[in-house]
Structures are given as structure tokens and as C-alpha cells.
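Please keep the structure open while reading.

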Amino acid sequence: MAVNQGKIMEGLETAVSGAGDEFIYRFLELYDFPRATVTQLRKGTGNRNVADEPGAVALRNKLYFLPVPAGQSVSAAFDALLASGRIERHSMRFVFVTDFDTVMAFDRAMDDRVEFGFQEIPRQYSFFLPLAGQERVQMHTEAVADVKAADRMGRFCDLLRDRNPLDTPEDIHGLNVFLTRILFCLFAEDTGIFEKHQFTEAFLSHTAEDGSNAHLFLRELFQVLNEPERPGDRPAHLAAFPYVNGGLFEQDLPVPKMAGRARRLLRDAGKLDWSEINPDIFGSMFQSVIDPEQRGSLGQHYTSPSNIMKVLRPLFLDGLHEDLKKAEGSPKKLNRLLERLHSLKVFDPAAGSGNFLITAYKELRRLEMAVFKALDRADTPEPLIPEPQDEMFDKPGQQPLMAPASQRNIYMSGIRLEQFYGIEIDDFAHEIALLSLWLAEHQMNLEFREEFGYAEPALPLKSSGSIALGDSLHLNWKKVCPVDSGAEVYVCGNPPFLGANGRSDEQNASMELVFSGFRKYRYLDFVASWFWKGAQYIRGTEAQCAFVSTNSICQGEQVAMLWPYILDLGVKIRFAYQTFAWKNSARGNAGVHVIVVGLTDGGASLARGDRTIYKFTEGEWRYQRVKNISPYLLEGTDTVVKSRSNPLVASSPMVYGNKPVDGGHLMLTTQEKDELIAAEPQAAKWIKRLLGADEFLKGKDRWCLWLVGATEQDIDAMPLVRGRVEKVREKRLQSRDAGARQLAENPHEFRDTNNPKQYILVPRHTSERREYAPVGFFGSDVIAADSVQIIPDSTTYDFAILSTQMHMDWLRLVGGRLKSDYRYSGKLVYNTFPWPPATDRQRSEIEALGEEVLLAREETFEWTMAEMYDPDKMPDALRKAHRELDEAVERLYRAKPFRDQAERQEYLLARYEQLIQQEQGAANA
């Protein structure tokens, strides 16, 4: 039986308003406990209630409800009940303790504790839904520990926000720094930086249960962590903490005040094993819970490690690993590789919480360890650093110290956090990114110890990454991360995806600054700003750049708006991942299709390796080495398809359907049509079927008054029609648009009056799922609406060509998208389509096959076009007719069959370029 969540929430609102002895029984009824069970509990009969305390209700395997008298500690009662053993003995799922002012609850199955006000129970109803048989879904992510930690810290942050003023940027910055310091302390006590539980035990032992002095303790602790030498009067429990510094505790900032509930949440957070927390992703997850607008996207907000590696591997990691293979056995080459590792830079100008920088740092540290092992195998007779060092950890390199028996020399890492640069606009994300890099450094030091038996000491912290706080589109990237002609710098990241309608005024102003001098930049996706700045940054240098992007910048009209400018800088595409679904994006990005594009200067840096296209084929990623990657991410030239006003190849022109500009007064439903004809039979000759995209694809009925050629006398003879016409006149006269007001002179007509004897109808949008874009043949008895385009006086040959995979692949390539649907533009898709050459005999063959498609449709005439062209439902006869047509049309282009969509698109692009050159040659002749 389905759970009525609205009824539960509404019932709880009533239950909490009249709290008392009856509350628990009403609670159980709302969560669908049997009425007989609730009646027994209310009367105290039977043996279902296993609770010992007066007023308590406990049902085996379900719930232990414990009311606490006013004035007694809910927290103490909660802890005592958990420690009593009764919860485990009776296999309780939930513990529910309250004094009818505060609630503390525990879900044993999910290992989840919550605390909230009694009046908040209706808003927290979902916590208890398993009692009604609706289990909470615990998503399996790469970091269950991160989800729990983020959840705890999100609640902790909420309580701090409620209790402390956050009116100024300084207030918000102070809270952000405070949270990062707490996260560090929790991580430190579980990873050997502090003693085990040192922070949590000191905090709980020296703060009041009501949290009233917690801020004083934490402020003094933070001061101590910044002291290399301690005053003699520091209390022993504080003096026992090591010196941390590294900038994390450098500023003496106010510490937020907290109450008992926040203190308990921090206590619960301390019970988690923070050594399991993954710095690669936990920063993004904390960012999502700190921002209430992003709640609910836990485990989805971050860029997954696999997607990060789609950027980092082809950008530089694969090349470095290849260089390691080539250097194997040669100490000289291996040392040169080490020098590169210790001097290269990684720069993320959309750093967020530091995911890309952290992953890059860890991968480079692992590569460095592999180089050290290779050096050991090379059996070099001399140390890398000739003179012995007095201090083991003064500087990177090889030290003549004791090493494991299997290892000849001692090595220490020379990769520093200062090699990792970034820009981030959000203050909290910026602080988390710095913290995450420190944590990643510590984790890699532990990994180093596992490999070599020793590691650098964790403290004091070194300087963290060079991450600037600011707007990446306003800052000079070369000042943030200096680059010269010979520097080895890798720019990477996942900038924000925002279409023209989704940007703020500030973001539009930033784009105006970035694209100064561009003609049509406003229709570019926001992410294009990073590509343009990245191309300018790497121009004339050895630096290289790669970003994750929405695929829209390599499709449709955006290609011509962006890529000619990038290519004119001498910057080329070195590698690309073709379109794939973004499966772990934040809420609101569902259905986003992305690409990865790597850029390099067209000079020396490109000579290092071939250009590579990565394709998802037969369930796995495969790569193809090519001579050049086009802006459409296909093998081919840098040619960009541009809108044009006339067809590239002689063919019937495409025009828009008919826009009414009538306020709906010339439109008729079937019922309105029938009523009008019944009242004014002479109106029948002026009514025609109206077809827009919905009507064509989904079989809907709509009609219109088509009064082209009607005289004033004709209209006056139909009073109901005259009334509609006059309403159109009024609507147009009231318009702010001068063109619409001018149309009031002919209120009986649509703005457009395209009504040819025969035409092909083409919807302006079509689903990405379809193998073919449905088009149709119609005559003058049907009026095409403005949601479609038409090709007047067209032929069956035109219909046939437009009904092929070749044409659909051209639409996929240059048509652009509206969300996940393809957008069919007459100027960009139809007018640029490189039609095949055909003799009269070949045209006749194609026309006959086009007729077969129309006949196959007739076999399922009761189906809608949307149903017929649904790839999961497409009738066999229709699919067969299309396949035979495809094969015949492909033979018009070339004798050899095409292997796949990409090969068809590559061929079409090459033919387009050839036809453009022929057109230009003829114009110059």
C-alpha cells in the first residue's frame, strides 16, 4: 500500500500542536501501525510494549519512544538508553527521545543520528518513513564515509548559521575558515597527525554540555596550533597539541558560538572514521551541504575520478608515463624526468573544491614513486645528491640514510603543493580546496611510507596550493599562474555550464568582458569563456589546456561563434572525448551531455604526439589517432559550417511556417470548429487544419481561420468570425511591437501566408533518440504553424533525402540542441547540407524508395509519427524501408559503405568544404 506522505506530514502538524501522552499513539497511527496494536499500547494491555520507563513505548524491531520530564537532560537520557543494551536486545530500528521541546533520534540501520526541535517533527517526517515500510535509499557511491561526514557537517553548519550573525562577507569568511579548521582537526586525529581522538576528547572534556564555552575553547586551541613555541602557562591538554601552521591557523578569527545541539553534532562527527574520507571528492560534497540550495545532491555534486582522469590522462599523465617507460634503465633520463615532475605546474581556473588539483597531485606523487623505484632498479653507483644532508627532510632528492634491504637509496618527494594553482570565486570552496590539498599531501605521505618505509613528517604543514580567490573571468591568469614560452604548465578543470537563459547579470557582464570584440558571443555557453581565455593563455607557449564542457560548444551555431577565433590564434585541438552523458552532475544538470577538449599551441607542443579522438564504442572507450581534429570533434579540417540564406546545392528553399500573431483568436479546437460551422455554415470554406510540431508528431487536432482572399463582405456575413477578427485587431493594436501594430491593418490574416500547393513539413525540434527526423508531405488544405518549417513545391526526392541517416547525422553535427533535443535550423542545417550528386536515373530510384517509406507509414496509419519513429517501437516494415533508402543514398556519395555515424559526418564535412571551395571559385571566376 502506497505511503501518503502528505497525510503523514499534515497529521504530524496536528500531533505536535497538542503534544502530551497521546502524541506517540497518534504518531504510530500516522506511520500505519495496526489499529489493534495502537489500542493495546494506549490501554496498556498485552505484552507488546517492552519499555520499562513510565510513558515509554517500545515495539520490538521497530521503535523505542522515551519521553523525558521537563528539566531533565534529553541528551543524557538518550545516551543512557543507547548504553543500556535494551536497543540491541530488542533489535530496535529507531530510538526516539524527547522532552517535547527537543527531539533526539537514531536510525540503527542507517547509523544516523538527528536532533531537532519538537515542532520540527513534521518537516523531519521522512526520517521515520521506514516505520511505514518506505526505506531510505543509501546510494552506493565511491565514498559512503564522505556522505555521512558531509551530512553531519551540514547540520552542524545550519546550527551555527542560526546562532551567529552572517551579515557581512567577513562574517561568512570567518565561518568558512572555522569549518575548514574543524575538518582538519577531525581528519588529523584519525590519520596520525594528532594523537588518536585527541581533538574530540579535549573538546568534550573541556566544554560545557550546553556548548556555552565551546567557542572559547576552540579559539584558544586554534591559537595554540599556530604557536611554534608555547608559553609556559598553556594548559597541558592544549600544549599537548603539535604545531600546525601552514597558514591554516595563521589568522586569529572569531569562532562561532554554539549551543548543546551543535556540540553534540560535533561529538557525533568525531565518532566517524575520518581516515576513510577521500579528499578527491569530499570537498565538493561539503560544499553542497554548506549551501542549502544544493542539499539533496550528496554524492552527485562532484566530478568523479573517472571523469577527471578523462582530462588529466591525455593532457599529461599518459605522456609522463610513456616517458618513464622510455627512461627505464637510464639514471640520466630518470633524473631528467624527476626534474620535470618537480617543476611542472597544474592550473585549474575553475577550481571549485580542488578535485582536479588533488587528483593531479596524487597521480604525480605516484608517478614520482615509480621513478624512484626505477632509479633503484637502474643500480646507479652514485647518489642523486652528492653531499650528505644534515637534515633528512631539508630538500628533495636522495639521502644516504638507512633504507629497506631491498632498496639501495633513500628518496624524498620533490613535488610541492605550490606547483598546483587555481582560481575559485566561492569563499568556502576556496578554503576547502586549500584544506583538501593538505589532506591529500598527508595521505600521499602515508602511501609513500607504505612503499618505502618512511615519510616526511606531517607537521608543520607546508604552504598549500596557490589558489586565488576571485572571478576567473576577471583575473589575469598569467599573474595567478605565470607561464613563459618554455614552461610546462597544464591547465585543466570543469568550468560551469550555463546557457544564455540560465546566466545571472553578473555572469553576462563577465562574458562581455571576456568576449570583447566578438559579434555573437551571447549565445555561447558560459563554459566557452574558459576555452577562450585558456586558448589565449597557452598561445605561443608549451602550456596545454583541457576542460570538460557541455557539447553545445562543438555543435550547431556555437561552433562558428567560438572556434574560428581560437583557431586563428594558432591553437589546435590535440585530443577530444566525444559526447557522453554526465551521470554524476549536481541536481539541475540532469540530461547534460558533455565532451572533453584538449588544446595546444599549433607549434612545437603539438609535435609531441598525435592528435587523438576518444569514442565510446560497443560499451567501452576506444581511441583513434588522427591527423587533425575539427571543431566538431571529428577527424577532418578546421572548416566551420556557417549559416547561409540560400541552399548550398540547388534545391527547393526552406521557409518558416505561419506565425499567427492573433492572441489565439484565429485558432480553433475541434469543438469550436464544429460549433462555428453549425452557427455559420459559410465559415466552413475558410477553416483549415493547422499543423505544428505537436500536431504532426503526436496526432493532435487543431484548426484555424484561414481568411486569405476573404473580402470584408465575406467576413461581415459571418458575425462570429467578424468578432474573432476584431479581437485580433485589438490584440495587435495593444502590442508594444511596431510590426505587430502594423499587422492590425489586416487582422483577418496570419502574419505569414505561406500556403503552397505541396510542401514538406519539417519540425524545428526532434528527439535525440530518433534514428530519423520525421518529415511529412502536405498540400494547401493544411496550414503549417510557426513551430515547423516548410519546403514549398518540393519533390519526393527531397523528402527521401531528408528521411535518411545521412541527413540525420548532419542535423546531429551542426543543428545544435534544445536541452537534449536537436534543433533544426533552415539556415544552418538545410541550407548547408551537402546534397549528393545524382543522375536522373538515380533520382528516380531514390524517389521510388521514398515512396516505399510513405507506404510503410500507411501500414500503421493509426500510429502517431512519434510512435512510428520511437526507436523502441518503430515498425519493422518502416525500418526496412528506411534502411534500403539509406543504402541507396549512401551509394550516391560513394561506393564503399560507411562504417558508422562519425565516418558519415566526416565525409559530409569534407564534401561541404569541397562545395564551399567550388562556390568561392565560381564567384571569383
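Directly after helix H16 comes Gly453, which has a positive phi, near 90°. The model is predicted, and the values below are computed from it.

**Helix H16**

- Helix H16 covers residues 427-452.
- With 26 residues at 1.5 Å a residue, H16 should span 38 Å, and the 38 Å between its end C-alpha atoms agrees with that.
- Asp426 caps the N-terminal end of H16, with a side-chain oxygen 3.2 Å from the backbone nitrogen of Phe428.
- H16 is largely enclosed by the rest of the structure, because 21 of its 26 residues are buried.

**Overall fold**

- The protein contains 32 helices and 27 strands.
- Its C-alpha atoms fill a box of roughly 105 × 90 × 50 Å along the principal axes.
- Of its 925 residues, 55% count as buried.
- When contacts between residues at least 6 apart in sequence are considered, 70% of them join residues at least 24 apart.

**Nonpolar cores**

- In soluble globular proteins, nonpolar side chains tend to be buried together.
- The largest nonpolar core here has 216 residues, and the members that touch the most others are Phe178, Phe184 and Trp563.
- Trp563 is in contact with Phe531, Ile553, Cys554, Ile573, Val597, Leu599 and Pro631, leaving aside neighbours within four places in sequence.

**Aromatic rings**

- The whole structure holds 58 aromatic pairs.
- One of these pairs joins Phe526 and Trp530 in an edge-to-face arrangement, with 5.2 Å between the centres and 80° between the planes.
- Phe526 and Trp530 are both buried.
- A single aromatic cluster is formed by Phe23, Phe27, Tyr31, Phe65, Phe94, Phe96, Phe100, Phe118, Phe127 and Phe128.
- Two arginines lie over ring faces: Arg113 is 5.4 Å from the ring centre of Phe106, and Arg843 is 4.0 Å from the ring centre of Tyr797.

**Asn658**

- Asn658 is in the loop between strand S17 (655-656) and strand S18 (667-668).
- Its relative accessibility is 0%, so Asn658 counts as buried.
- The side chain of Asn658 makes polar contacts with backbone atoms: one of its polar atoms lies 3.4 Å from the backbone nitrogen of Thr753, and the side chain reaches the backbone oxygen of Ala784 at 2.8 Å.
- Not counting residues up to four places away in sequence, Asn658 touches Trp706, Phe750, Asp752, Thr753, Asn754, Ile783, Ala784, Ala785 and Asp786.

**Gln805**

- Gln805 is in helix H27, which covers residues 805-814.
- Gln805 has a relative accessible area of 13%, which is under the 20% limit, and therefore counts as buried.
- Leaving aside neighbours within four places in sequence, Gln805 is in contact with Glu771, Tyr772, Arg812, Arg883, Asp886 and Arg904.
- Tyr759 is 46 residues from Gln805 in sequence, and their C-alpha atoms are 21 Å apart in space.

Note on methods. Residues numbered from 1 in each chain as written. Heavy atoms only, no water. Core = buried A, V, L, I, M, F, W, Y, C linked by side-chain atoms within 4.5 Å. Buried < 20%, exposed > 50% of the residue type's maximum accessible area, 1.4 Å probe, protein only. Contact = heavy atoms within 4.5 Å. Phe/Tyr/Trp six-rings, centres within 6.5 Å; stacked < 30°, edge-to-face > 60°. Lys NZ or Arg CZ within 6 Å of the ring centre and 35° of its normal. Helix = DSSP H or I, 4+ residues; strand = E, 2+ residues; numbered from the N terminus. Expected span 1.5 Å × (residues − 1). Polar contact = N/O pair within 3.5 Å; in protein donor to acceptor, adjacent residues only side chain to side chain.
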